[in-house]
Every structure is written in C-alpha cells, then in structure tokens.
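Let us walk through this model together, beginning with the backbone and then moving on to the packing of side chains.

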Amino acid sequence: PAPAPAPAPAPAPVPAKKAKNPLDELPKSPFSLDAWKKQYSNAPGGDCYKVMPWFWEHFDREGFSIFHGNYKYNNELEVAFMTSNLAGGFVQRCDEVRKYSFGTIQILGKDGGPMELRLTWIMRGQAIDPLLESNPDAEHYEWKKVENLDDEKEKKYIEDMFCAWETIDGLPILDAKVFK
C-alpha cells in the first residue's frame, strides 16, 4: 500500500495584538513632544536656555503635565560615580514611556556627600502613573505635580532643571542625565 499523505502543517500562530497604551487614547495635543526634543537637542551652541521660549510658547497644559521628583534616600548618596550610575539606570528603565515623556535628572552637591538626585519630568496626560508603572525605580522618588506654570519662580526652576550646567539652588551640579 501507498504511504499515507503527510499531515497538513499547523497554521502559523497569529501574533497577539499589542495592547494599546492608554496615553494613545488621550485627545490629540497641539504640543509635539518630538518637536520639543529636537529643539532641546539642537539648542544653539548647546545652550538650552535659548529654546525655553519655544517650550513655553508651545507647551500644552491640558495634554501634558510637569512633575518634580526627589530621591527618597538622598542621605545615602555619597559617591558621585555610584549616584551617576543610579541616575543612568533610572533613565534606561524609562524606555516604555519614551514616546510620552521627557525628563532630566540632576545630581547636585559634592562628591563624598551630601548629594541630591532631583528630577523634572514632562508626562503626557495629567498623572505620573505611567512612569511609576513602567519603571520600578520611580517608586524611590517623591513626585509632585507642578500646579502653577504661571509662577515665574517655578518656570525658572524648570528651566534650570532642563538647562543649567553649573548650579541649581546654589548647589553645584555634579552630573546630569537627560531622557528624551
């Protein structure tokens, strides 16, 4: 007798649809985070203060929010390179929200301590939750939403967090990380 025909190959598995990010469901914003990242990255002469007027002119307060973060364990920071590695690790773990956020981490103080890790973060929407959910390190920071973007002192602090190279609040900057 003739051999039985080979069984038909199993159908290829259909790839599961990737779940939509809830931030994609928010109303369209006139503020382009990508345009801001380009402005920031291409600041004339590397001076980011020169692009801050563009930021304030285009920033959409309804579609985006700004948060400040302070590391909960600043009293334990004593070695600059280790603190810089901690900040770098935070940035690496933010990849899941890259499309929806921009931020800076400043390492302030002096090697040997005391030092502070401070962050200023732009988030799509009005909550820091997407960052907290995607980056396990984010829970080690105290987060505070900036409520009054008309306050000149607050605007200056945000600009310094994004742009300063030497000092913030009188504290020397040891290192900085930018997430864009």
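Does Asp-169 count as exposed or buried? At 54% relative accessibility, Asp-169 counts as exposed, where exposed means over 50% relative accessible area, buried under 20% and partly exposed in between (1.4 Å probe, protein chains only). A word on the ground rules: this is a predicted model, in which local features need pLDDT of at least 70 and side-chain atom pairs count only at pLDDT 80 or more, while totals for chains, interfaces and linings use all residues. Residues are numbered from 1 along each chain as its sequence is written, and side-chain values use heavy atoms, with hydrogens and water left out.

Asp-169 has a positive phi of about 55° although it is not a glycine, and its place is the loop between β5 (167-168) and β6 (171-179). Strands (E, at least two residues) and helices (H or I, at least four) are DSSP runs, numbered from the N terminus. Another backbone feature is the cis peptide bond from Gly-113 to Pro-114, with omega near -10°; Pro-114 is found in the loop between β2 (101-109) and β3 (115-124). For background, most residues other than glycine have a negative phi, and most peptide bonds are trans.

Now to the interior. A nonpolar core here is a set of buried Ala, Val, Leu, Ile, Met, Phe, Trp, Tyr and Cys residues joined through side-chain atoms within 4.5 Å. The largest one has 24 residues, of which Phe-90, Ile-105, Leu-117, Trp-121, Leu-131 and Trp-143 touch the most other members. At least two residues of this core come from each of β1 (64-71), α3 (80-92), β2, β3 and β4 (141-145), and β3 gives the most, with five. A second, separate core of 20 residues includes Cys-48, Val-51, Phe-59 and Ile-66.

Aromatic rings deserve a look too: the whole structure holds 21 aromatic pairs. Rings of Phe, Tyr and Trp (its six-membered ring) pair if their centres lie within 6.5 Å; planes under 30 degrees apart count as stacked, over 60 as edge-to-face and the rest as tilted. Phe-55 and Phe-162 have ring centres 6.1 Å apart and planes at 90°, so this pair is edge-to-face. Phe-55 lies in helix α2 (residues 52-58) and Phe-162 in helix α5 (residues 152-163), so the pair ties together parts that are 107 residues apart in sequence. Both Phe-55 and Phe-162 are buried. The rings of Tyr-71 and Tyr-141, by contrast, have centres 5.2 Å apart and planes at 55°, so that pair is tilted.
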